Amino acid sequence: MHPPYAPIVDALLERRMNGGAALDGRDVCYRTKARRAMGLRGPPEILLPDAMRAPDVSPSSAEPKLERREPDRERPILDPRNGDAEDDVSSPKQKSLLAIAGSLLAEISLTKLLLAWIASILLPAAILGLAPLIVTAWVGGVFSRVLELYGYGAALVLLAIVAAGWFGWRPLFRVAEANFWALNALGVQPGYALCREAIRHLAERAFPTRSGAELARMRARSCAGAGILLAIIAALVASVAWPTTRWIGSTADLAVPHLLILPTLANAIVVMSAYLAAASLVWGFADASMDQPLDLQGFDAAPSDGRVWRVAHLSDIHIVGERYGFRIESGRGGPRGNERVRRVMARLEAEHAARPLDLILITGDMTDAGRSGEWAEFFDILAGHPDLAGRTLILPGNHDVNVVDRANPARLDLPFSPAKTLRKMRALSAIAAFGADRLRVMSLGAAEPGLTLAATLAPLRQAIEAFADQGGLRLSNRLARLWDEVFPLILPPAEDDGLGVAILNSNADTNFSFTNALGMIPVDQARKLMAAFDHYPEARWIVGLHHHLIEYPMPVAAFSERIGTALINGSWFQRVLKPYAERIVIMHGHRHVDWIGACGKLKIVSAPSPVMARQSAPTHFYVHALGPVPDGRLGLMIPERIDIAAAEEDG
Ligand SMILES: [Fe+2]
């Protein structure tokens, strides 16, 4: 606020201080303090001598020289509020994948692509392939010296060497192992998922069926088929590369290191192919024998003790930073601005007033591209509903952390890019804003949830602020590790047999905008999650993540959607959760598909997007009722569907 008397105070102070002469620093300071003491804010009106003032050219004192006309805001040739072709540039709903891929090829930075390939594939492969040569060269050199010794002395020296090797080479083993898993995440598991989904897709096209059970059987057989096929292909690749491999190194190799290039790469190819051959067989048959997803057979009755947790499940609201902005995925075919999100929140407020909600869970993609302006809009909208905001938990979606450039799908991040970490820190800051005091961090190997997120982040606050302000690789690496370590976040149950919430980060660490939608659950997150379950043996759990575990028993979706958006290791994660299935409900978003079903006893709830829809189409979301039912299970009752009508301002 700028009270109307502020300029008068400024004028009085100015005159009192130096009678109109130029102010020095001390005077300005004095005036600022005096204004503050009087409760005035904002910049003081600057009083200039008459000679320095601009001439008054307002219409009352000057005749207009040019004809004037008010702009026609209602009917311009191009109404900017309706957007244009630029708003559809990355939208798979408005453009074919081929067209997007074409512009990707034209726009891509070859320098960055080369660097990304070197850092993500070539370097890990080189380290993995070189590791056996280095180890054998060292061992060979050392043992030849030991053989020159005799008796107890030789035994002792040998023991010391083994110990030195064990500790000294451990970092190399760690590096080789880390690079093995990096290649696994980048190539092996996605390769298996691609093959599995391609075979499933072709099978479903060839034998169309409407029954969910038949679909499940066909998908199970396709998994086994994909495993066998991939194992054969991987074995063939390994056998082709085998003659070029070399597993024993010597110190003489140091003289001709260039001769090691081919054997090193061949070693890496053979290691990864052999692993793929074995793993794809295991994964294929494990996927075939797992509980296939089916529509939920029936909802639970309300618990006799009346204990019910009401959970509003929102997802994929894709907030944009501009009042007339459209969304990446839907382009001009979808909603404009954030009016629909505001109406969703207003409906939720009314629902909460009628019957209080225990939790509002937003399972990712709060923002359309993870930009500061979008997060600011999200905060502004939630600020209008403080009671709801206090019950809200959010988790990261691919649009929050993995979209490199909303306007250009060809943009890519380098694997160590600070920009990627910056998006993660924005998301972490937002997660903390809603749940820092309630959510707890699990350390790997710990038996129970530890510090709150607030306490975990407190010592890092300055580092996060400095990184957001200045960037920098060192801070980026440190904070990227923090991001990896902080999940899953645990909201512990209020009572021993109460309801806990686990918040996961299911986003794969991708570098392309084009592959931003891929998901993956890291092994460490799964381990920590199980430790939390074990620590509260009677508790029930909502497990919130962004990605869907597995394809639903529905008629086939477009292949691009099946392969481009799936959780790569979803069936493995489903197996991890199986022992706890009866006391878990999975809640996720990402596909914008409304589906409630189960894999065996594991209930899965997929939230529709209450925002993303064709223009003028209504949307909806659900308020779920969960409660403790006999045998320690978590019951899921018939949800309440809340419809959001379309409105003119949506687009
Ligand atoms: Fe998503």
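**Before you start**

This is a predicted model, in which local features need pLDDT of at least 70 and side-chain atom pairs count only at pLDDT 80 or more, while totals for chains, interfaces and linings use all residues. Residues are numbered from 1 along each chain as its sequence is written, and side-chain values use heavy atoms, with hydrogens and water left out.

**Stop 1: the whole chain**

Colour by secondary structure. The protein has 19 helices and 14 strands. Helices (H or I, at least four residues) and strands (E, at least two) are DSSP runs, numbered from the N terminus. Of its 651 residues, 48% count as buried. Buried means under 20% relative accessible area, exposed over 50%, and partly exposed in between, with a 1.4 Å probe and protein chains only. Among contacts with a separation of 6 or more, 75% join residues 24 or more positions apart. A contact means heavy atoms within 4.5 Å.

**Stop 2: the iron ion**

Select the iron ion. Which residues coordinate it? They are Asp365 (OD), Asn398 (OD1), His546 (NE2) and His590 (ND1), at 2.2 to 2.4 Å. Donors are N, O and S atoms within 2.8 Å of the metal (3.2 Å for Na, K and Ca); water is not among the atoms, so sites may look incomplete.

Now check the angles. The four donor atoms subtend 79 to 167° around the iron ion, so the arrangement is irregular. Four donors count as tetrahedral if all angles lie between 85 and 135 degrees; four count as square planar and six as octahedral if opposite donors are over 155 degrees apart and all others between 65 and 115; anything else is irregular.

Along the chain, the donor spacing reads D-x32-N-x147-H-x43-H. Asn398 sits in helix 12 (residues 398–401), and His546 in the loop between strand 8 (540–544) and helix 18 (559–565), so this pair ties together parts 148 residues apart in sequence. Asn398 is buried, at 2% relative accessibility. His546 is buried too, at 0%.

**Stop 3**

Pick His592. This residue lies in the loop between strand 9 (584–588) and strand 10 (595–599). At 18% relative accessibility, His592 counts as buried.

Next, pick His318. Look in the loop between strand 2 (309–314) and helix 9 (339–354). Phi of His318 is near 45°, again positive in a non-glycine residue. Is His318 buried or exposed? His318 is buried, with a relative accessible area of 0%.

**Stop 4: His624**

Move to strand 12 (residues 619–629), which holds His624. His624 is buried at 1% relative accessibility. Show its surroundings. Beyond neighbours within four places in sequence, the contacts of His624 include Trp309, Arg310, Val311 and His313. Met587, Ile596, Val605, Leu636 and Pro639 are also in contact with His624.

**Stop 5: Ala617**

Select Ala617, in the loop between strand 11 (602–606) and strand 12. Ala617 is partly exposed, at 22% relative accessibility. Leaving out residues up to four places away in sequence, Ala617 touches Arg340 and Ala646.

**Stop 6: a cis peptide**

Go to Phe487 and Pro488. The peptide bond from Phe487 to Pro488 is cis, with omega near 0°. Pro488 lies in the loop between helix 16 (473–486) and strand 6 (489–491).

**Stop 7: two helix pairs**

Show helix 7 (residues 212–241) and helix 8 (residues 261–289). Their axes come within 8 Å and cross at roughly 165°. Axes are lines fitted to C-alpha atoms, for helices over the stretch in contact, and angles run from 0 to 180 degrees between N-to-C directions. Helix 7 and helix 8 are therefore roughly antiparallel. Angles under 35 degrees count as roughly parallel, over 145 as roughly antiparallel, 65 to 115 as roughly perpendicular and the rest as oblique. The contact includes Ala220, Cys223 and Gly227 of helix 7, and Ala266, Ser273 and Gly284 of helix 8.

Finish with helix 13 (residues 418–435) and helix 16. These axes come within 9 Å and cross at roughly 45°. That makes helix 13 oblique to helix 16. Among the meeting residues are Pro418, Thr421 and Met425 in helix 13, and Leu473, Leu479 and Trp483 in helix 16.
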